[in-house]
Amino acid sequence: MKWSLQQLLKINKFPHYFEETLDLSAEIESVEDIYEIGPVNITGSINRLDHETYQFTYKVSVKLVLQCALTLDPVEYLFEEDYDEIYSTQESDEYILIEKNTIDTYQMVWSNIIIDKPINVTRPDAYEVLKQRGISLEDEIELDDDDYVISYSDGRQQEEEN
């Protein structure tokens with residue numbers, strides 16, 4: 001969805017709520033570690049701070065298939081983030097500049113996904129998979145605060161407990 005400044009000026013009641021689903025699948029062709037991207041769901045609101053400045057508060061939710069840092073296998077990852085951004089025609093370090101008189105959710109959401117997706121994800125059974133492949137790592141990798149271990153269940157553990 002795109003909003004021109006003229007469209008935003010015509011909105012009489014704030015906050016103005018919006019909901020949108022984007023298809024960003026064409027964007028991942030140039031990104032090596034994203035194998036797949038599902039429909040991107042966005043819900044949020046717009047507030048007018050003045051006639052040239054708008055606050056966008058929104059949530060992004062999308063299923064990504066990323067590359068496991070150890071096995072290089074696909075790993076599903078649910079990306080959910082909240083954003084609070086201010087857009088303005090006035091240049092400032094505090095605002096995102098509105099270029100070409102338009103605010104485009106496609107570009108703002110794609111930029112945030114690329115910036116905020118985890119750098120590394122690891123399957124919870126990555127060491128076992130590597131061992132089955134005949135690969136052993138001498139030292140276990142310690143994860144930074146930015147790294148995520150994606151966990152999932154194949155149901156076997158629950159059956160064993162019963």
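Visitor: Hi! Which side chains meet in a salt bridge at 2.7 Å, N to O, with aspartate 73 as one partner?
Guide: Hello! Aspartate 73 and arginine 133 do, with 2.7 Å from N to O. A salt bridge here is a side-chain nitrogen of Lys or Arg within 4 Å of a carboxyl oxygen of Asp or Glu.

Visitor: Where do those two sit in the chain?
Guide: Aspartate 73 is in the loop between β5 and β6, and arginine 133 is in the loop between α3 and β10 (148-149), 60 residues apart. Helices (H or I, at least four residues) and strands (E, at least two) are DSSP runs, numbered from the N terminus.

Visitor: Okay, and what kind of model is this?
Guide: This is a predicted model, where local features need pLDDT of at least 70, side-chain atom pairs count only at pLDDT 80 or more, and totals for chains, interfaces and linings use all residues. Residues are numbered from 1 along each chain as its sequence is written, and side-chain values use heavy atoms, with hydrogens and water left out.

Visitor: Is arginine 133 buried, exposed or partly exposed?
Guide: Arginine 133 is partly exposed, at a relative accessible area of 43%. Buried means under 20% relative accessible area, exposed means over 50%, and partly exposed is in between (1.4 Å probe, protein chains only). Aspartate 73 is buried, with 16%.

Visitor: Which residues are in the salt-bridge network with Asp73?
Guide: Asp73 is linked with Arg123, Asp125 and Arg133 in that network. The bridge between aspartate 73 and arginine 123 is 3.5 Å, N to O.

Visitor: How many salt bridges turn up in the whole structure?
Guide: Five. One of them joins lysine 117 and aspartate 33, at 2.7 Å from N to O. Lysine 117 lies in the loop between α2 (105-116) and β9 (121-122) and aspartate 33 in the loop between β2 and β3 (34-37), so this pair ties together parts 84 residues apart in sequence.

Visitor: New topic: how many aromatic pairs are there?
Guide: A search of the whole structure gives five. Rings of Phe, Tyr and Trp (its six-membered ring) pair if their centres lie within 6.5 Å; planes under 30 degrees apart count as stacked, over 60 as edge-to-face and the rest as tilted.

Visitor: Why is the pair of tryptophan 3 and phenylalanine 18 called edge-to-face?
Guide: Their ring centres are 5.1 Å apart and the planes meet at 70 degrees, so the pair is edge-to-face. Both tryptophan 3 and phenylalanine 18 are buried.

Visitor: What about tryptophan 3 and phenylalanine 56?
Guide: That pair is tilted, with 5.4 Å centre to centre and 55 degrees between the planes. Trp3, Phe18, Phe56 and Tyr87 form one aromatic cluster.
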